[in-house]
Amino acid sequence: MKTGLIGVGLMGHGIARNVLKGGFALSFLDHPGNQPVDEITGLGAQSCASSAEVAAASDVVILCVTGSPQVEAIITGPGGVLEGLRPGTIVVDCSTALPESTLRMAEMVREAGGAFLDAPMTRTAQHAHEGTLNLLVGGDAEVLDKVRPLLDSFTEAVEHVGALGNGHRLKLLHNYVSVGFMTLLAEAAAQAADADVDPQRFVDILANGGGASVALQRMGPFITDGNRDALPFFVSNALKDIDYYRTMSEQAGAQHLIADGVHQAISTAVEAGEGSAYVPELSRIFRRG
């Protein structure tokens, strides 16, 4: 199974190394946004000059980019996947994207003779490096079965969540809850710090009560020790995910009042020039000036 990867970033680099260690041939798009590729080229990965070239060399093309605009450009743009797609090629979109865009891209891939799965990731870049990501996969179960051996090389769990688009829908629901929890926690931690509450006591009290959560586990090291690396996820990306959730909610006619508040809080951080901070740092950013 010849594999192509477009997006060798924080998450994609881990995917690439584990695909190669799993014994699969790998081609990847040469792009300035990539992480250093010495490790994966040393394992046999081949670079390509365009997305079309990646598609032409691959039985399966994995997309691991920022969001819907990037996915659409990669698939439909000049030198894009559609230009090089071979009949029967499966496109697996591991990005975080809008479900409506996913359905449009999938239809274009189908018309070109390929198949499409939306398979967004949960967990962190460290899990990607270790090959223990979780995937939420929407699409045809038979198509998923064809690529399971490849997906198993970089995942711990692959959940088939129903029809095409459901993967991205559930990812946005997941990220809204996750980022929402962490934003709320950051605001509380900022107030506690402003009031000179001992940060370890703050974390311990929450951990032993109703505040116990994965959000606290990921935010706690920064709150207590200034270590942000438990969650290397940019504030700007968190804002993008909340924007996507609000757009999805508006398109569905669903309530998004709390999401609007989370969006406003994170927007203030980005507008203050903190978009490249990691999400745990919101507990610093939200403190009184």
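Hi everyone, let's start at A272, which sits in the loop between α13 (257-271) and α14 (282-285). A272 is exposed, at 57% relative accessibility. For that term, buried means under 20% relative accessible area, exposed means over 50%, and partly exposed is in between, with a 1.4 Å probe and protein chains only. From A272 to I285 there are 13 residues along the chain, and their C-alpha atoms are 8.9 Å apart.

A quick word on the model before we go on. This is a predicted model, so local features need pLDDT of at least 70 and side-chain atom pairs count only at pLDDT 80 or more, while totals for chains, interfaces and linings use all residues. Residues are numbered from 1 along each chain as its sequence is written, and side-chain values use heavy atoms, with hydrogens and water left out.

Now the whole chain. It has 14 helices and nine strands. Its radius of gyration is 20 Å, close to the 19 Å that the globule rule gives for 289 residues, so the chain is as compact as a globular protein of that length. Here the radius is taken over C-alpha atoms, and the rule is 2.2 Å times the number of residues to the power 0.38. Along the principal axes, the C-alpha trace spans about 60 × 45 × 35 Å.

How much of the chain is buried? Of the 289 residues, 51% count as buried. The accessible surface comes to about 12900 Å², and carbon and sulfur atoms hold 51% of that surface. Those areas come from the Shrake-Rupley method with a 1.4 Å probe. As for contacts, meaning heavy atoms within 4.5 Å, residues 24 or more positions apart make up 67% of those with a separation of 6 or more.

On to charges. There are 19 positive and 33 negative side chains, and the centres of the two sets lie 2 Å apart. Lys and Arg count as positive, Asp and Glu as negative, and His and the chain ends are not counted. Each charge is placed at NZ of Lys, CZ of Arg, CG of Asp or CD of Glu.

Next, the cysteines. If a disulfide is a pair of cysteine sulfur atoms within 2.5 Å, the count comes to zero. For C48, the nearest cysteine sulfur is that of C64, 17 Å away. C48 is buried, at 6% relative accessibility.

Let's finish with some loop residues. D196 lies in the loop between α9 and α10, and has a positive phi near 60° without being a glycine. D196 is exposed, with a relative accessible area of 70%. V197 is in the loop between α9 (166-194) and α10 (199-207), and is partly exposed at 38%.

Which other residue has a positive phi although it is not a glycine? That is R123, at about 90°. R123 is placed in the loop between β7 (121-122) and α7 (125-130), and is partly exposed at 32% relative accessibility.

Thanks, everyone!

How values were computed:
Helices (H or I, at least four residues) and strands (E, at least two) are DSSP runs, numbered from the N terminus.
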